[in-house]
Amino acid sequence: MDFDYDVIVIGAGHAGCEAAAAAANLGSKTCLITIDMNKIGQMSCNPAIGGIAKGQIVREIDALGGYMGLVTDRTAIQFRMLNRSKGPAVWSPRAQCDRGKYIWEWRYVLENIPNLYIWQDSVTQLVTKDGKVCGLKTQNGAEFTCRSVILTAGTFLNGLIHIGRTMIPGGRIAEPPALKLTESITEHGIETGRMKTGTPVRLDKRSIHLDELEIQNGENDFHRFSFIGPKRKLKQLCCWNCYTNSRVHDILRSGLKDSPLYNGQIKSIGPRYCPSIETKIVTFPDRETHQLFLEPEGEETNELYLNGFSSSLPMDIQIRALQEIPAFRDVRVYRPGYAIEYDYFNPTQLKSNLESKLIEGFFMAGQVNGTTGYEEAAGQGIAAGINAHQYCHGLNPLVLGRDQAYIGVLIDDLITKGVDEPYRMFTARAEYRILLRQDDADIRLTELSYNLGLAKRDRYDMMVSKREQINMIIEFCANFSIKPALINPVLENIGTTPLREGCKLLDLLIRPQITIENIAPHISAFSSMLDKIEEGRREEIIEAAEIKIKYCGYIERERAISLKMRRLEELYIKNKFDYNSIQSLSTEARQKLTRINPETLAQASRIPGVSPSDINVLLVLMNR
C-alpha cells in the first residue's frame, strides 16, 4: 500500500462523495479521507434531498454522471414534486430518505468505484511546495503525497456545538471536530470566518398522537431524481403537519436569556432562509402559529424529524415547549436540537473551477465555501472533482455557465459575490430558469459530461434517444393539421374555445386547458405515434415534449438573451488591467475588481458595486 494519489478529498459528506466519485471515475487515483467511515454521506440535518431549486441541482448532478439522484431514488420513502401550481420552470423534486440506508448506499457506491480508496482519519496539515499543494498529514500520523486536494469538511473545521449555555466541540453531535486544519490553510494567506447552522429535536414516534395531526402523503407517479435509475423500491410513508401556539411561544421566550443566539454566545451568522424557532418568534412577534412538519427518519425506525423547529435553546425549554402542542403532550425526545459554529473560507478567494487563487491544486467545495444544504454541497463537489482531475492531467477546466445549470449559477454567485450568510439556492437566483428546468437537465449536461469521460455510454445513449423522441413528438404536432368539425366537440367538452378554422396540432397544444393526455385519445394518428414512445419512459418524454411546446416562446426568448450575455463571457479580462490606475472607474469598482480579479467581463458585471458605466469603461479600454 502506498500513500500517493492524484486527488485527495478531505471529508465524506455530500460534496466529498460526489467529488471523490467524479475524480476516480475520470481516471484519477483518488483517496477519500473521513473521520468516520460509518457516516459517509450522513444527512446531518433533514433526511431529505431536493426541494425548490435544490431538486434541479440534484438532477443536474445525475445528468453529469454523479450519484446523489441514484442514491436518493434507492432510499426514498416519500417523493413529491413541489411548485406544481406554478409553471414547470420552477417544478422541483423532493424526496424524504431513509437516513441509515442512504449512508450505506453511498458507501456501497464508493467502495465499488475503481481508483477510489477510503482512509479513516482526521487531516491536520496541508503540505505545499512552491505555492502548490503536494500532500497532507493526519492526526494518526499518516503522510500523503498528491497532485491536488479537495477540501469538503462541512461543519467540522473547529466545529462547536451549542445547546443552551452548554458548548461541546464537535463537527456533528457525538462526532469530534477537525482541529488544526484551518490554521494550516490560513498560513498561506487564505482568509477564514465563522458561520452557524442548526438542527431540530428528534422525537420518538410512539409518544406522539399521530391521529391528531394532518397527514401529508407523497406522490407515486413516474417522477424520480435519476434519469437512469430504478423506480422507488422502499415502502412509501406519509409525513404530518402541525402548528405551534401562543403557549409554545411563551415558553420559548422564557428561554431566550439562555439562547446562544441572543446572549452573545454565538457571534456568527446563520441561514436566513432556515431560521431557528427562537428566531421566528423574535422576528415575527405577532405571529400566533408557525407550521411544523413531522417527517420519518427511515422505513423502519421510530425516530421522527421535526422540520421547522431548529433550535439551540436549553433542552428543558425545547421539551416543555413541545409538550404544549396537543399531539405532543406525551412526547419523548431522542436528542435536543442544537446549533453549530464552524470555519468557512470566503469563496471570492477561488477561481471559477473552485481552485484556490493562492494555493495551486487546492480546491474547496461545500459548506467550507459558505453554502448551506446537501444539494449545493454536492453540486460544488462534482464540479471540484472534475476540475481536480482536469488539473492533475493538464486538461481544460469545466466551468458551467449561468444558462447551462443551476450549478453554474451557484458557483458564479459564490466566486463573484461572496457570502455574508450561508448561501442557499433559489429559482429566483437564476436569470435563465426557464432554460434550467428539472425535466431537461440530462439534455443540457449529459453530452458535455460524456465528452469529458464522466457520463457513461449507456447514459448518453438514453439521453440521445429521449431527445429524438421529444423532437419526434414536436415535429408531428408542428405538421399535423386539425379540422374544426372533428375536434370542436372535444374542445367544448374540455372547456376551451372551439376552432373557427383549421390549425396545426402544435397551436392547439399551446392552450393552457389542453394537454397531450386529454387530446391524444381523440386524434388516432397522434395516439398511434405516441404508442411508439419507449416503454417505461413514455410519461417522462411526453411531459418534456409538452413543456417545450407550451413554453417555446419563453424558452427561445431566454436563449436569445443568454446568447447576448455569452459574448461578454468570452471577453477575458483576468490580469489585463491595473484597476486602481483607471480613474474613470468608480472607487468601489476599483476596489472590488482588484480584490476579485474577475475572469471575464460578464463576471465583472455581476460583482455588487460594479455599475454598467464601469463595464462600459472596460469595454472602451478593450476597443469594444
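Y391 is partly exposed, with a relative accessible area of 24%; in this account, buried means under 20% relative accessible area, exposed over 50%, and partly exposed in between, for a 1.4 Å probe and protein chains only. The model described here is predicted: local features need pLDDT of at least 70, side-chain atom pairs count only at pLDDT 80 or more, and totals for chains, interfaces and linings use all residues. Residues are numbered from 1 along each chain as its sequence is written, and side-chain values use heavy atoms, with hydrogens and water left out.

The ring of Y391 belongs to an aromatic pair. Rings of Phe, Tyr and Trp (its six-membered ring) pair if their centres lie within 6.5 Å; planes under 30 degrees apart count as stacked, over 60 as edge-to-face and the rest as tilted. By this rule there are 14 aromatic pairs. F363 and Y391 make an edge-to-face pair, at 6.1 Å centre to centre and 70 degrees between the planes. Because F363 lies in strand 19 (residues 362-364) and Y391 in helix 9 (residues 374-392), the pair ties together parts that are 28 residues apart in sequence. Helices (H or I, at least four residues) and strands (E, at least two) are DSSP runs, numbered from the N terminus. F363 is buried, at 0% relative accessibility. Y551 and Y554 form a tilted pair, at 6.1 Å centre to centre and 45 degrees between the planes. Y551 is partly exposed at 28% relative accessible area, and Y554 is partly exposed at 44%.

Ring pairs also link F3, Y5, Y117, W119 and F144 into a cluster. Over the face of Y5 lies K29, at 4.9 Å from the ring centre; a charge sits over a ring if NZ of Lys or CZ of Arg is within 6 Å of the ring centre and within 35 degrees of the ring normal. R429 lies over the face of Y423, at 4.3 Å from the ring centre.

The C-alpha atoms of C146 and K29 are separated by 9.4 Å, while the two residues are 117 residues apart along the chain. C146 is found in strand 9 (residues 143-151) and counts as buried at 5% relative accessibility. Leaving aside neighbours within four places in sequence, C146 is in contact (heavy atoms within 4.5 Å) with residues including Y5, I8 and V133.

How many disulfides does the model contain? A disulfide is a pair of cysteine sulfur atoms within 2.5 Å, and by this rule the count is zero. For C238, the nearest cysteine sulfur is that of C239, 6.8 Å away. For C477, the nearest cysteine sulfur is that of C503, 11 Å away. C477 is buried, with a relative accessible area of 0%.

The last topic is a sheet. Strands of a sheet pair through backbone hydrogen bonds, either parallel or antiparallel. An open sheet of three strands has the order 3-5-4, with antiparallel pairing; two strands pair if DSSP finds at least two bridges between them. Strand 3 (48-50) and strand 4 (76-82) are the edge strands, each pairing on one side only. Strand 4 is joined by six bridges to strand 5 (residues 92-97), and the two run antiparallel. Within this part of the structure, Q78 stands opposite Q96 in strand 5.
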